[in-house]
Amino acid sequence: MASTIRDVHKEARRAAFPEITAGGPLSVPALPVEKTLVHRARLRDVLPTQLTRHDDTHFTVSARRPRTHRLFVTADGQGTASLVLETIRQTTLLVSHAELGVPLGHHFVMWDLCHRLDARLLTRTAANEDLTLDVRVADLRRRGAVPTSVHLEMVLRAGGRAVGSGSIRFHVTSPAAYARIRGHLPALGDAPVAEPVDPTAVHHSQACDVALSPAEGPGRWLLRADPANELFFDRVNDHVPAMVLVEAAQQAAHLTFPAGRFDPSASEMRFSRYVEFGTPCRVAAHAVTTEDGTASIGVTGHQDEHLAFVIRFDGATARQER
């Protein structure tokens, strides 16, 4: 199955972009990989542009850095932590489908995700420089030919220099196994969407990009998932996507420092349960700031009194939006 997906990927690339040779040099500006390999419905939301295989456990993925983006680029043109995390996520999907043998249609259950980034080094590179992710398989377990558990570690490079790292751990389930685990659950429908917090307070201009609504008490909010947001919901889901949870945590971090923008240089995330539609998910944040102005913010999400996720952002400074 892995070779079949790999062949489909290559043939689709050749047909659409004949100047590009998979694994070789680019003779034209980098173009996105096949969108189905990174679980996106729209080509404009695809970040990886090229995949190179070195051996069974070592791969390199190039990914574009958008110049503008509602979620991934700040008003002053800086990439956000969400951009790095989404790049890691899409890289994971691409490598898993095209090289590790995960069939299209299988479900990824993410447990852990983390990143570290030296923003000072990243800003020294040209804005149009690709990110390059050096991917190594740290652990891989299979049932037959199909992976069931994968741990990937990555080094992020820009302009030829290392600027950060990432790690992700996830399980893979077949459609049949997923259906048995999840049962019959409705997808997000036409239920009313809660009022958002002030979009400007979380550094957004559109209400649909706000993932939090007000709740009683300082440092507390309710998760908000707007089905009209095609960035969050570009395909049918039976639970709130992890991307929404990450964005909610980032916004909670902003609100913890209301006078400025919170730019984390590192994160650690643990996901322990699906966050379901139709039931309140309570988000809480607390922060510790050191004497040098750096901070650590912990964000939790609880649903039905059960812990659903813990996300910690580290090494950030609060700064005014320019």
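**Close-up views of the predicted model**

**View 1. Arg 182 between two partners.** Arg 182 counts as buried, at 10% relative accessibility. Buried means under 20% relative accessible area, exposed over 50%, and partly exposed in between (1.4 Å probe, protein chains only). The model is predicted: local features need pLDDT of at least 70, side-chain atom pairs count only at pLDDT 80 or more, and totals for chains, interfaces and linings use all residues. Residues are numbered from 1 along each chain as its sequence is written, and side-chain values use heavy atoms, with hydrogens and water left out.

The charged end of Arg 182 sits over the ring of Tyr 274, 4.1 Å from the ring centre. The rule asks for NZ of Lys or CZ of Arg within 6 Å of the ring centre and within 35 degrees of the ring normal. Helices (H or I, at least four residues) and strands (E, at least two) are DSSP runs, numbered from the N terminus. A salt bridge puts a side-chain nitrogen of Lys or Arg within 4 Å of a carboxyl oxygen of Asp or Glu. Glu 276 and Arg 182 meet in one, at 2.7 Å from N to O. Arg 182 belongs to helix α4 (residues 175–182) and Glu 276 to the loop between β10 (266–271) and β11 (281–289), so the pair ties together parts that are 94 residues apart in sequence. Glu 276 is partly exposed, at 25% relative accessibility.

**View 2. A bridge between strands β3 and β6.** Asp 112 and Arg 169 form a salt bridge, with the closest N and O atoms 2.5 Å apart. Asp 112 is in strand β3 (residues 107–117) and Arg 169 in strand β6 (residues 161–173), so parts 57 residues apart in sequence are tied together. Asp 112 is buried, at 15% relative accessibility. Arg 169 is partly exposed, at 33%.

View 3. A search of the whole structure finds 17 salt bridges. One of them joins Arg 42 to Glu 230, with 3.5 Å between the closest N and O atoms. Arg 42 lies in the loop between α1 (2–16) and β1 (48–55), Glu 230 in the loop between β8 (220–223) and α5 (242–256), so the pair ties together parts 188 residues apart in sequence. Both residues are partly exposed: Arg 42 has a relative accessible area of 26%, Glu 230 one of 29%.

**View 4. Aromatic pairs.** Rings of Phe, Tyr and Trp (its six-membered ring) pair if their centres lie within 6.5 Å; planes under 30 degrees apart are stacked, over 60 edge-to-face, and the rest tilted. The count is three aromatic pairs. Among them, Phe 108 and Phe 170 form a tilted pair, 5.3 Å centre to centre with 40 degrees between the planes. Phe 108 in strand β3 and Phe 170 in strand β6 are 62 residues apart. Phe 108 is partly exposed, at 21%. Phe 170 is buried, at 1%.

Tyr 178 and Tyr 274 have ring centres 6.2 Å apart and planes at 90 degrees, so this pair is edge-to-face. Tyr 178 is in helix α4, Tyr 274 in the loop between β10 and β11, 96 residues away. Tyr 178 is buried, at 8% relative accessibility. Tyr 274 is partly exposed, at 24%.

**View 5. Helix α2.** Of the 18 residues of α2, 18 are buried, so the helix is largely enclosed by the rest of the structure. Buried residues make up 49% of the 322 residues in the protein.
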